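Reader: Hi! Could you walk me through this structure?
Author: Gladly, here it is.

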Amino acid sequence: QKQVVPFQEGNASMKALLGGKGANLAEMTRAGLPVPPGFTITTEACLAFFKVGNRISEELFEQIATALKQLESQKGQIFGDANNPLLVSIRSGSVSSMPGMMDTILNLGLNDITVLGLAALTRNEKFAYDCYRRLMQMFGNVVLGIESYHFEQLLHCLKEKEGALQDHDVTAAGWKDLIEDYKKCILAKTGQSFPQHVYEQLRMAIEAVFKSWNNQRAQIYRKINRIPDEQGTAVNVQSMVFGNMGGNCGTGVVFTRNPSTGENTFFGEYLINAQGEDVVAGIRTPLAIAALKNEMPLIYEQLFQASKQLEKQYKDMQDIEFTVENNKLYLLQTRNGKRNAQAALKIAVDLVHEGVLSKQEAVGRIEVSHLDQLLHRGIDEDAVKDVLAKGLPASPGAAVGQLVFSADTAVEWSRAGKTVILARMETTPEDIHGVIASEGVLTSRGGMTSHAAVVARGMGKPCVCGCEDIRIVLDEKQMMVGNKIVKEGDWITLDGATGRVIIGDMPLHEARMTNELLVMLKWADEIRTLKVFANADNPHDAGIARQLGAEGIGLCRTEHMFFSSARLPVVQQMILAEDKEERLKALAQLLPMQQSDFEEIFNEMDGLPVTIRLLDPPLHEFLPNLEDLQRRQAQLMYDKEGSDEERDEVAHLLRKVQALHEANPMLGQRGCRLGIVYPEIYEMQIEAIFRAASGCIENGISVHPEIMIPLVSHASELKIFRELVELVAMQVLGKEKLRECPYKVGTMIEVPRAALTARQVAAHADFFSFGTNDLTQMTFGYSRDDAEGKFLTHYVDQKLLPHNPFQVLDTEGVGQLIDLAVNVGRVVKPSLKTGICGEHGGDKESIFFCHTIGLDYVSCSPYRIPLARIAAAQAFI
Ligand code: PEP
Ligand code: MG
């Protein structure tokens, strides 16, 4: 089987086999663009490599050698030849983009002999030896596992000795010396010499790139981006072109549109006389691409045209790497450019207006995680006084935290509950765990396309980079701008949208809706069939939910209405009541409070359904803590503090708390079990709902209350409450008004038994709302309060579970119960309305499942609504 594919034989549809980079190189080659020739070793070859214990089979190596021969004849050069040597780059290329996570080796094919040939051919000895030392450095690091700083240190010494400021100030003699130093370093660190045999270099390099699929940073990146480990990586072997041969050479990265704002302007950076890695590694700070227009106008024009061509072909914004070798342009790769949320939306909306994409395609393209970013925070401008410095606005959003200077400290401090900002001279992919742990990232060197900037953008973390005014002194754990000093642990604020670094912890404001988002949401609404409701417990949240597009309230948790300081004493009175009469007194006080809440919510949701869940807490949650009370009682008894009255009160409270105490409150007197024991509580709530409805109807508001009974496990529970609701509705509204109040009675399905007996339950229900928090808890038997901290992360880490089932719905188990209940329920009652209101209602994959099994709606917290609307549309597409 063919495991090696020359660029001219592949195409874009072969991405799974060739990886993203390989497929794109093939496609560009086909389109006649100037791509240095090469070939791709497939992902299948990679998987086969892992299978036989990380070894390249002889058969594969033969295929590689054959492809190399073909490449030699295309280029008119020979691999390992003393006079006319072919040099190649070896790059990873995974199916899903993982920028900077795996390894690259350039200039492969150089050794003590071929370097002479390269020097003679280019008449540039300095250049040839620079290439050679770069190879040794990359090979030493990636293939032989020697940490880069050993090489950096030797390079640094050389530059000091020669008085060179930049790498390209170093002399040929200097590079030769350095090469000897590198050889010694490699021998000392590994016990073996740098391989002079070019085929040995090739074999070792390919092996190393395959293996880099499993390095730590790649594994972490895959985990957070949910990329399957089984994909493997392809390897691209491409003939080298050189951007570092002199002043008419260069290298850079361009985006066809601005990846931060989405504006349709050519955007990018380049460096004259530099090699590819220099731009992305952030070692020198590059120039904006606009400057190339003056410096190399023809190249600029050609690059611009090629970029437009690629954008059209891929129907998306492209991120293109290019190199100029002796005034000739080469394209080294193209891919769909990473972008932040706002840019993604603007680009997609613009592409629809430009006639490139359909609305469905545009909506389908939105990454739901991007919406989280868009709904990002910014700085309250009035508070900004002390701007320390300004860098490049690499990833928008504002972040506040305590300053740290190492990735490890970032992780440690964040584990200890601190919020941190990670500041580094230049971030490298090795810092990824620190980036994850930080609120935001600051670098003093490196451009907008540096690896960490790209990674931060992908994660939606604010990032300011290339902030050159800042001098970081690692040893002293501080950084300086002029004579201002900021130390580890000091508070700073980053504004990733403008690049400002501000001293102190600035107040932040929440995100705003942009026009593009509104347009996209409108398109999503046209597409989707699944409705989106909100979980909202008060008028304020209901208002926000409606603004964000909620089509109703799917869950109003009434216990949340009891927590305010004004109400708590009355609630406690209700719970502490010695008899029903006393309890009714307290309830009578609570009734008007509830009623006014409901009135306001009905007002906000005029014309839309409002699902109100009757009380569902363990009662002891409203009473003081048992241990606190015991302590207070001991004080009162032994220290003779306080009055007799207080003593009585504490004793009384203690008795009640003890009486209500449950070994397992989550399986205790919760939900409708409470209403069964104290029907007067539910009766008060129902009365409040209908009184509120009555008032609203009088004011011309259209009300649609849906009364929801929680934690039902047996149809008989629902039957009782349905009868109670019907009775109270008639009593409060009377026949006339009832006609104007089309209410529903339904149940939450949170207990597996309720799902399993959906036939019986549906007989008494107008709707089923799946409370997937409890349903997950009870289906798995995992405590929703403890499991995550105790064992669930181990399950996910060890891949015993694909996800945390409290975040992403377990479609296999919990989902089956939902599917079953919906199907059976609808047989009994074809009009049965169905939805979900657990946390999963705001999760993309879970929403897809809800659409697939034909639920009518999902209900989620107000701020998740835009996301749910988009996801619901994508589920339809
Ligand atoms: C649920 O259990 O999914 C639910 C929505 O109810 P709560 O989270 O209030 O228990
Ligand atoms: Mg619940």
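Reader: What should helix α6 span, at 1.5 Å a residue?
Author: The 15 residues of helix α6 (residues 148–162) should span 21 Å, and because the end C-alpha atoms are 21 Å apart, the two agree. The expected span is 1.5 Å times one less than the number of residues. Helices here are DSSP runs of H or I with at least four residues, strands are runs of E with at least two, and both are numbered from the N terminus.

Reader: And what follows α6?
Author: Gly163, with a positive phi near 65 degrees.

Reader: Before we go on, what kind of model is it, and how are things numbered?
Author: This is a predicted model, where local features need pLDDT of at least 70, side-chain atom pairs count only at pLDDT 80 or more, and totals for chains, interfaces and linings use all residues. Residues are numbered from 1 along each chain as its sequence is written, while chains are lettered from A and ligands numbered from 1 in the order in which they are written.

Reader: Thanks! How many helices and strands are in the protein chain?
Author: The protein chain has 34 helices and 33 strands. Its C-alpha trace spans about 105 × 65 × 50 Å along the principal axes. Of its 877 residues, 51% count as buried (20 or more other C-beta atoms within 10 Å of the residue's own; exposed is 12 or fewer, partly exposed is in between, and C-beta atoms are placed from the backbone).

Reader: Which non-glycine residues have a positive phi?
Author: Asn54 is one of them, with phi of about 55 degrees, and Leu711 is another, with phi near 55 degrees. Asn54 lies in the loop between α2 (43–51) and α3 (58–75), and Leu711 in the loop between β29 (704–709) and α27 (715–738).

Reader: Is each one buried or exposed?
Author: Asn54 counts as exposed because it has 11 other C-beta atoms within 10 Å. Leu711 has 23 within that distance, so it is buried.

Reader: How many bridges join β8 and β11?
Author: Strand β8 (residues 250–255) and strand β11 (residues 318–325) pair over 6 bridges. Val254, for instance, has Ile320 in β11 as its bridge partner.

Reader: Nice. Which residues surround ligand 1?
Author: Leu555, Arg557, Glu750, Gly771, Thr772, Asn773, Asp774, Cys837 and Gly838, where near means a C-beta atom, placed from the backbone, within 6 Å. Two or more residues come from each of β27 (553–557) and α30 (772–780). The most come from α30, with 3 residues.

Reader: Last one: where is Val858, and what does Val858 contact?
Author: Val858 sits in strand β33 (residues 857–860). With 31 C-beta neighbours inside 10 Å, Val858 is buried. Leaving aside neighbours within four places in sequence, its contacts include Leu530, Val532 and Ala868.

Terms used:
Pairing = 2+ DSSP bridges. Contact = placed C-beta atoms within 7 Å.
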